[in-house]
Amino acid sequence: MKGLYTALMCSFDEKGNVNEKGLREIVRYNIDVQQVDGLYVNGSTGENFLISKEQKKQIFDVVKNEAGDDVKLIAQVGALNLDEAVELAQYVTQLGYNAISAVTPFYYKFDFDEIKDYYNAILDSVDNDLIIYSIPALTGVNMNLEQFGELFENEKVIGVKFTAPDFFLLERIRHAYPDKLIYSGFDEMLLSASVLNVDGAIGSTFNVNGKRAKQIFELAQNGQIEEAREVQKVTNDLIAEILDNGLYPTIKEILKYKDVDAGFCRKPMKSLTQEGVTKAEQIAERHL
Ligand code: SI3
């Protein structure tokens, strides 16, 4: 399960329906062109928190059908409705997803016991492994070393997608739990995380910049830090411009520029203006 995973985009039509043809093209582009090791399906980048349970199932179906066994597949099933999370975990396990992942429950201020119960309820319902999805900037849920340790006590919790700039905590987790998988979640910090010996990374910009991300990770693993720093610099020139223009809509426009039918974002996320589209195309021309 180690390696570089694209946090997969999904293609939607103007009404917000899943564009299956476009989604298949995104899957193929990631596997064939970006050559990533796996796909992380229905995460933040997939606009998961804006879609219905039926659409989530539809996306899980289409991605598995298109990718087959070409790459590893991780299904993000976390939801505020625990029954839905359990149902999705069972659904993707039957489909043959290699692992599940679940975002920490958010919005209400759940205490740690409630968070632990949520993960155990999902895991008790399936014969599959789970990767914790920790993204404090979006969820407001900050867990400490001891709390990660308590979740790791369940053997089916095989790791964490660590999307935070706290490299002190990252190093402590790495040191304390050498057998758990740690995936870096911020693409602009991939080199720093790789130096701390993470097992892989999951990122949205890998949809268009996966090859470079893999280079950074592999160079760092080989101890070629100077070379890795140069590729991270080029990558961050790209990421800075993408963030400035609007993260998900810009990645979609870049994919379209590469002839991949990435469609529209789900409302209330807005689409780019014509000026934004032109800028996205210029970003693609300059950096990719
Ligand atoms: O679940 C997911 O889609 C992700 O893996 C998200 C991933 O951590 C991205 N974060 C967000 C909020 O989308 C990063 O890849 C991020 O887009 C990138 O580092 C640019 O800041």
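Reader: What kind of model is it, and how are residues numbered?
Author: This is a predicted model, where local features need pLDDT of at least 70 and side-chain atom pairs count only at pLDDT 80 or more, while totals for chains, interfaces and linings use all residues. Numbering starts from 1 along each chain, as its sequence is written.

Reader: In what order do the strands close into a barrel?
Author: Eight strands close in the order E1-E2-E3-E4-E5-E6-E7-E8, with parallel pairing. Neighbouring strands of this sheet are turned by 25° against each other on average, direction ignored. Axes here are lines fitted to C-alpha atoms, for helices over the stretch in contact, and angles run from 0 to 180 degrees between N-to-C directions.

Reader: How many bridges join E7 to E8?
Author: Two, and strand E7 (residues 181-184) runs parallel to E8. Ser184 has Ala201 as its bridge partner in E8. On E1 (residues 3-7), the parallel pairing with E8 has four bridges, and Thr6 stands opposite Gly203.

Reader: Which way do the E8 residues point?
Author: Gly200 and Ile202 point one way, Ala201 and Gly203 the other, and all are buried. Buried means 20 or more other C-beta atoms within 10 Å of a residue's own, exposed means 12 or fewer, and partly exposed is in between, with C-beta atoms placed from the backbone.

Reader: Switching to annotation. Where does UniProt put the "active site"?
Author: The unreviewed UniProt entry places that feature at Tyr133 and Lys161. They are spread over 29 residues of sequence but cluster in space, with a largest C-alpha distance of 4.9 Å. UniProt positions are given in the numbering used here, feature names are shortened, and annotations may be inferred rather than shown by experiment.

Reader: Tyr133, buried or exposed?
Author: Tyr133 is buried, with 25 other C-beta atoms within 10 Å. It is found in strand E5 (residues 130-134). Beyond four places away in sequence, Tyr133 touches residues including Gln76, Ser101, Thr104 and Lys161. Contact means that the two C-beta atoms, placed from the backbone, lie within 7 Å.

Reader: And Lys161?
Author: Lys161 is in strand E6 (residues 157-162) and counts as buried, with 26 C-beta neighbours inside 10 Å. Leaving out residues up to four places away in sequence, its contacts include Ser101, Tyr133, Tyr183 and Ile202.

Reader: Which residues does the "binding site" annotation cover?
Author: In the unreviewed UniProt entry it covers Thr45 and Ile202. They span 158 residues in sequence, yet no two of their C-alpha atoms are more than 10.5 Å apart, so they gather at one spot.

Reader: Where do those two sit?
Author: Thr45 lies in the loop between strand E2 (38-41) and H2. It counts as buried, with 23 C-beta neighbours inside 10 Å. Ile202 lies in strand E8 (residues 200-203) and is buried, with 30 other C-beta atoms within 10 Å. Not counting residues up to four places away in sequence, Ile202 touches Tyr5, Ala7, Tyr40, Lys161, Tyr183 and Gly185.

Reader: Now H3. Which of its residues are buried?
Author: Ala85, Leu88, Ala89 and Val92 are buried in H3. Seen down the axis of H3, its buried residues fall within an arc of 105°, so they line one face of the helix. The arc is that of the directions from the helix axis to the C-beta atoms.

Reader: What do they pack against?
Author: The buried residues of H3 pack against helix H2 (53-67), strand E3 (72-76), strand E4 (99-103) and helix H4 (112-124). The face turned away from the buried side carries the exposed residues Asp83 and Gln94.

Reader: What follows H3?
Author: Gly96, whose phi is positive, near 100°.

Methods:
Pairing = 2+ DSSP bridges.
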